[in-house]
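Subject: Structure handover

Dear colleague,

Please find the structure below, sequence first. My notes on it follow.

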Amino acid sequence: MTEERHAEAQDIDVRDAVSVLKLLAESQQAAARAVDDALEPLAAAAGLATQALQSGGRLIYAGAGSSGLMAMVDALELPGTYGLAPHAVVFLLAGGAASLADLAGGYEDDHDLGVRDVEQAGVGAGDCLVIVSASGSTPYALGCAAAARAAGASVVAIANNPGARLFEAADVAVLLETPPEVISGSTRMGAGTAQKIALNMLSTMVGIGLGHVHDGHMVNLRPDNRKLRQRAAGMVADIAGIDRATAERHLEAADGSVKIAVLLASGVRRDVAQQRLDAAGQSLRRALALGDGRG
């Protein structure tokens, strides 16, 4: 499907711009709807990734070309969004940093490169590999999946074609059956849109599973700039029901931790707040429920 020609793409190069843009918008929307049929496998995939991180393992993203870029973006955003340790999230891009200059296509054809990248990253039991490939037959992706599975890691495969070879090595197969691309084979478009949405959903569920989301707030974010410090203070004020100035004081006392600041606002001592979070598996909701809010 990812290589077929779109039924409405005939004469696209001589149509007026607005009608072409309308077709492109409709094709992107159709691709996005492919995620609706993948909710159960995405839930299972998030469970595997969460379990890996909770047990001290790592979440490894891998891919080639535009699919690799989708995976890389999700991986890069996780430490800042959910406060994950940088070493806990790894991404493998076919060709590495050198391929970012022009996304040279030759790297994706190298099955052994995928094997070597996984081996050099030390992927093993307790880790979870999320491998993304639009076709589901990219040799690099197949190499990554095979090596990770052989090393004892759990494997989540995301692809846009039914019956993809990539699914054969996966513990969880996520099919995003997108329509043919308006620009035939240009999977950065529809397939990439569905992949980005699916990865956003998967990693958000991981954040929730790790206890880093509370009432829609990213309470484990890393507030390392002015905007994020203001956001963090707003979260503390909203969750604790206090004014912004008081929230900022608690946040400073908590060294920028939203969770600790909320517990401080409820009357818990600094040392007890950390103990409660640890006992609650880092869930702010469960930590707040422990005791009477004092310590």
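D109 lies in the loop between strand 2 (89–93) and helix 4 (111–120). Helices here are DSSP runs of H or I with at least four residues, strands are runs of E with at least two, and both are numbered from the N terminus. D109 counts as exposed because its relative accessibility is 53%; buried means under 20% relative accessible area, exposed over 50%, and partly exposed in between, with a 1.4 Å probe and protein chains only. From D109 to A31 there are 78 residues in sequence and 26 Å in space, C-alpha to C-alpha.

Some conventions before the rest. This is a predicted model, in which local features need pLDDT of at least 70 and side-chain atom pairs count only at pLDDT 80 or more, while totals for chains, interfaces and linings use all residues. Residues are numbered from 1 along each chain as its sequence is written, and side-chain values use heavy atoms, with hydrogens and water left out.

Overall, the protein has 11 helices and 7 strands. Its C-alpha trace spans about 65 × 50 × 35 Å along the principal axes. Of its 295 residues, 48% count as buried. Among contacts between residues at least 6 apart in sequence, 62% join residues at least 24 apart, where contact means heavy atoms within 4.5 Å.

Now the helix pairs. Helix 1 (residues 17–33) packs against helix 6 (residues 190–209) at an angle of about 45°, with the axes 8 Å apart. The axes are lines fitted to C-alpha atoms, for helices over the stretch in contact, and angles run from 0 to 180 degrees between N-to-C directions. The angle makes helix 1 oblique to helix 6: under 35 degrees counts as roughly parallel, over 145 as roughly antiparallel, 65 to 115 as roughly perpendicular and the rest as oblique. The crossing of helix 1 and helix 6 is right-handed, that is, the near helix is turned clockwise from the far one by less than a right angle. Q28, A31 and A32 of helix 1 meet G190, T193, A194 and I197 of helix 6. By class, this contact of helix 1 with helix 6 has 4 nonpolar, 3 polar and no charged residues. Ala, Val, Leu, Ile, Met, Phe, Trp, Tyr, Cys and Pro count as nonpolar, Asp, Glu, Lys and Arg as charged, and the others, Gly among them, as polar.

Helix 7 (residues 226–240) and helix 9 cross at roughly 40°, and their axes come within 9 Å. A232, M235, V236, I239 and A240 of helix 7 make the contact with V258, A261, V262 and A265 of helix 9. The residues of this contact are 9 nonpolar, no polar and no charged.

In helix 10, the residues V272, A273, R276 and L277 are buried. They lie on the same side of helix 10, because they cover an arc of only 140° around the axis, the arc being that of the directions from the helix axis to the C-beta atoms. Q275 and A279 are exposed on the other side of helix 10. Helix 9 (258–265) and helix 11 are among what covers the buried residues.

Finally, the backbone. G281, which follows helix 10, has a positive phi near 65°. Q282 is not a glycine, yet has a positive phi of about 70°; Q282 sits in the loop between helix 10 (270–279) and helix 11 (284–289) and is partly exposed at 26%. D215, also not a glycine, has a positive phi of about 50°.

Regards
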